[in-house]
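Welcome! Take a look at the sequence and the model first, then read on.

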Amino acid sequence: MSEHFDHVPTIDSDEDRARYERGLAVLQAIDGGSAPAVMDALQDIAPALAHHVVAYGFGDIYARPGLDPKQRQLVTLGMLTALGGCEPQLEVHVKTSLNVGLTTTEIVEALIHASGYCGFPKALNAIFVAKKVFAERGLLPVQDDLTPQE
């Protein structure tokens with residue numbers, strides 16, 4: 001093995017614990033309860049991944065001041081839609097989008113907008129994820145008040 005791998009980073013440093021705590025605070029403020037199940041599901045196979053999702057994803061990235069939570073969620077919805085195959089994560093983020101104050105119309109519009117860049121199949125998959133979440137919350141039908149007028 002190369003000497004470059006002699007030092008294996010830990011996730012137990014004071015800095016890593018502080019990043020995790022910051023990320024956990026952000027996550028608890030926006031999530032509405034979906035994330036703990038995801039983190040718990042990782043504990044018996046990849047607890048370090050759960051740590052990194054919280055510490056890096058939320059403690060480092062989501063906590064940055066440049067975008068507000070609504071803007072961050074719109075970006076996330078677009079990215080997960082474009083990636084495709086991320087429906088479980090998209091479900092969590094549709095719920096989070098509602099938790100941070102996005103409306104059903106704003107979420108639907110973001111997913112419709114994504115169709116022009118990533119295609120109808122991915123946008124349809126995303127819309128059906130949103131529909132499932134909206135149905136669970138009693139938010140259907142969504143009022144389409146943004147249809148272009150002639």
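**A first look at the salt bridges and the fold**

Asp 60 is partly exposed, because its relative accessible area is 25%. Its salt-bridge partner is Arg 19, with the side chains meeting at 2.7 Å, N to O. Please keep in mind that this is a predicted model. With that said, here is a tour by topic.

**The chain as a whole**

- The protein chain contains seven helices and zero strands.
- Read along the sequence, its pattern is α-α-α-α-α-α-α.
- The chain has 150 residues, and 33% of them count as buried.
- Among contacts with a separation of 6 or more, 69% are between residues 24 or more positions apart.

- Arg 19 sits in helix α1, which covers residues 14-30.
- Is Arg 19 buried or exposed? Arg 19 is buried, since its relative accessible area is 15% and buried means under 20%.
- The salt bridge between Arg 19 and Asp 60 joins helix α1 to helix α3 (residues 47-62), so it ties together parts that are 41 residues apart in sequence.
- The side chain of Arg 19 also makes a polar contact with the side chain of Asp 16, at 2.7 Å.
- Leaving aside neighbours within four places in sequence, Arg 19 is in contact with Val 54, Ala 55, Tyr 56, Gly 59 and Asp 60.
- A network of salt bridges links Asp 16, Arg 19, Arg 22 and Asp 60.

**Lys 132 and its two partners**

- The count of salt bridges comes to seven, and Lys 132 takes part in one with Glu 91, where the closest N and O atoms are 3.0 Å apart.
- This pair links distant parts of the chain, with Lys 132 in helix α7 and Glu 91 in helix α5, 41 residues apart.
- Lys 132 counts as partly exposed at 41% relative accessibility, whereas Glu 91 counts as buried at 16%.
- Lys 132 forms a salt bridge with Glu 136 as well, and here the closest N and O atoms are 4.0 Å apart.
- Lys 132 and Glu 136 are four residues apart in helix α7, so about one helical turn separates them.
- Glu 136 counts as partly exposed, at 48% relative accessibility.

**Helix α5**

- Helix α5 has 13 residues and reaches 18 Å from its first C-alpha to its last, close to the 18 Å expected at 1.5 Å a residue.
- Buried residues in α5 include Leu 90, Val 92, Val 94 and Leu 98.
- Which helices do the buried residues of α5 pack against? They pack against α1, α4 (69-83), α6 (104-118) and α7 (120-136).
- Thr 96 belongs to this helix, which spans residues 87-99, and Thr 96 is buried with a relative accessible area of 2%.
- Not counting residues up to four places away in sequence, Thr 96 touches Ile 30, Asp 31 and Gln 73.
- After α5 comes Gly 101, whose phi is positive, near 110 degrees.

- Leu 67, Val 75 and Met 79 make a nonpolar surface patch of about 270 Å².
- Val 75 is found in helix α4 and is partly exposed, with a relative accessible area of 46%.

Terms used. Residues numbered from 1 in each chain as written. Predicted model: local features only at pLDDT ≥ 70, side-chain atom pairs only at ≥ 80, totals over all residues. Heavy atoms only, no water. Helix = DSSP H or I, 4+ residues; strand = E, 2+ residues; numbered from the N terminus. Buried < 20%, exposed > 50% of the residue type's maximum accessible area, 1.4 Å probe, protein only. Polar contact = N/O pair within 3.5 Å; in protein donor to acceptor, adjacent residues only side chain to side chain. Contact = heavy atoms within 4.5 Å. Expected span 1.5 Å × (residues − 1). Patch = residues over 30% accessible without salt bridge, like charges linked within 9 Å, V, L, I, M, F, W, Y side chains within 5 Å. Areas by Shrake-Rupley, 256 points an atom, 1.4 Å probe, with all protein chains shown as cover.
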